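Let's take a friendly look at how two chains meet and at what lies inside them. Please have the sequence and the 3D view ready.

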Amino acid sequence: MSKEQETRLLRILEQNGRIDTEVLAKMLDEDVETVIQTINRLEDEHVILSYAAVINWNKVEQESQVAAMIDVKVTPQRGVGFDEVANRIQRFPEVSALYLMSGTYDLSVMVEGQTMEGVARFVSDKLSTLDAVLSTTTHFRLKKYKHDGIVFGEDEKDRRMVVSP
Amino acid sequence: MSMTAKKTNNRLSKAVTSIEPSGIRKFFELASTMEDCISLGVGEPDFVTPWNVREACMTSLEQGYTAYTANAGLLELRMAISDYMEDAFDVTYCPEEEIIVTVGASEAIDLAVRATVDPGDEVLVVTPSFVSYSPLITLAGATPVPVLTDSSTNFKLTAERLEEAITDRSRAIILSFPNNPTGAVMTKAELEAVAHVIQKHDLLVFSDEIYAELSYDEPHTAFSSINDMKDRTILINGFSKAFAMTGWRLGFVCAPKDITEAMLKIHQYSLMCAPTQAQHGALEALRSGGDEVKKMVESYYSRRNYIVNSLNEIGLSCHMPGGSFYAFPSIEATGMDDQTFAEKLLLEEKVAVVPGSVFGEGGEGHVRCSYATGMKQLQTAVERIERFVKRHTKTNLSS
């Protein structure tokens, strides 16, 4: 499969990780066997890391979560820069995403928990106490409008006429 | 017969009486009464216009841009169109003298015909094709002459077919590639072969390239980019298909100065100018819509592959269309004609497709399936069509 086709395959999977392999093969105009092999290889190479669903947890009773984005300033360490402290932070199960940023702070830490107290405890007990951490600013997420390119709660009504020239 | 009735019968022009309403409309009336119908009958993108374009239009309204623009359209927009045509298709048109912003590509076709054709002339129309061409030619007093394309050439126009259709009265030809409904595209070499015949017979060319951006396997060749063709070509394009802006009614036409001036006379007296707010939206589409177009094209591309491979698997033979967003399978295997097929499919399986014969000669025996529909619906449609075809195909079990 060409590189171009491989990128197409990845884009389609990114949109729909549950897509039927036969349908995927038809969309790519490739053999089913080739598609299966390519996916296996991409999994082995850790290009494809997992197949996740995007879920609107707010619609699931008792399962609503709180999330916070924490701006973290840290002292970079000789030889390893930000990687060592990042590596320590990302291991906490509460951390759902971690990015190195340009600008007024260094690390952006996404934290998810059951309650606001839980998130606050994580920040004060675990994050702030790390030696390299200079300061933290916590922003709680109030509402999810769009996530990973998907708009939450938009009606997808087709406004076109049934037949047109 | 009373006098009143007679008067009523006669009050319509001969020209308008001589044309039929679009065959699509009849089918639309049937389809729109069905509930839970999956429509592959829609000739427009399933995407909503990109947000930046909608936003630019709203801003223009907030800023009070509600007056007429120049007849030919905002100069700024014509300049952007000129740049776009050069970047995308390597053709150069002067924004001041060779471009008019029109009310959809449909108006552009009407302008081209009315500005250049006289009663008695013949205008060649590649068929099957978009439903408007022939009626517009008839309304201009000229005679549409079909030039047939068929599945043997994947619905491409050949020099031989064109040569056969030309008479002493031939004045112009309407080319429409990528094609609605067949999805056919023409390569540069194939266009050059046709251009040779056009040159020989001194024809004008109305090249409707509204689907230019939706070319999947190779870049689109604008007809006026072919050697010696620019001076005889009226190039028609617009925002509807590429930018998902059908309802904005905004197209444009590029042509040599003398023809542009003539078209502008008709345009200024009949329409004054294209809607101002739509022009502001279009300007934004050209400035920043490129990425959105790419995304949409990528999505049509994989849906095309999916539906064409599926239709062939079902037994409805279908060439791989190089452009637009239509698959045009033959329904011969079912032994039905295209009208019957489309009606039965709609009533029995609630899938709307458009009978090929609606698009003129050569369309019979085929149906147009638009894949401008989400994958989920396409998959359900394919399942339903498969069930339908199985039920209606008489297979010879002994062979």
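The notes below cover the interface and then the nonpolar cores of this predicted model.

## Where the chains meet

Chain A brings 14 residues to the contact, and chain B brings 32 residues. Between them the two chains bury about 2,000 Å², with 58% of that on carbon and sulfur atoms. On the chain A side, the residues that lose the most area to chain B are Lys26(A), Arg160(A) and Pro165(A), which together account for 36% of what that side buries.

## Polar links and the chain A side

There are 16 residue pairs in polar contact between chain A and chain B, counting pairs with both residues at pLDDT 80 or more. Two salt bridges are found across this interface. In a salt bridge between Arg8(A) and Glu298(B), the side chains meet at 2.6 Å, N to O.

Two elements of chain A, α1 (3-15) and α2 (21-28), each give two or more residues to the side that touches chain B. Of these, α2(A) gives the most, with four residues. By residue type, this side of chain A divides into eight nonpolar, two polar and four charged.

## The nonpolar cores

The largest nonpolar core has 121 residues, and Leu40(B), Leu77(B), Phe206(B), Phe239(B), Ile307(B) and Phe341(B) have the most contacts inside it. Helix α12 (residues 290-314) of chain B supplies the largest share of this core, 10 residues.

Phe239(B) is worth a look in the viewer: beyond its neighbours within four places in sequence, its contacts include Leu77(B), Ile81(B), Met245(B), Phe252(B) and Leu286(B).

Methods: Residues are numbered from 1 along each chain as its sequence is written. Chains are lettered from A and ligands numbered from 1 in the order in which they are written. This is a predicted model: local features need pLDDT of at least 70, side-chain atom pairs count only at pLDDT 80 or more; totals for chains, interfaces and linings use all residues. Side-chain values use heavy atoms; hydrogens and water are left out. Contact means heavy atoms within 4.5 Å. Buried area is the accessible area (1.4 Å probe) that two parts lose on being put together, summed over both. A salt bridge is a side-chain nitrogen of Lys or Arg within 4 Å of a carboxyl oxygen of Asp or Glu. A polar contact is a pair of N or O atoms within 3.5 Å; within protein, one must be able to donate a hydrogen and the other to accept it, and residues adjacent in sequence count only if both atoms are side-chain atoms. Ala, Val, Leu, Ile, Met, Phe, Trp, Tyr, Cys and Pro count as nonpolar, Asp, Glu, Lys and Arg as charged, and the others, Gly among them, as polar. A nonpolar core is a set of buried Ala, Val, Leu, Ile, Met, Phe, Trp, Tyr and Cys residues joined through side-chain atoms within 4.5 Å. Buried means under 20% relative accessible area, exposed over 50%, partly exposed in between (1.4 Å probe, protein chains only).
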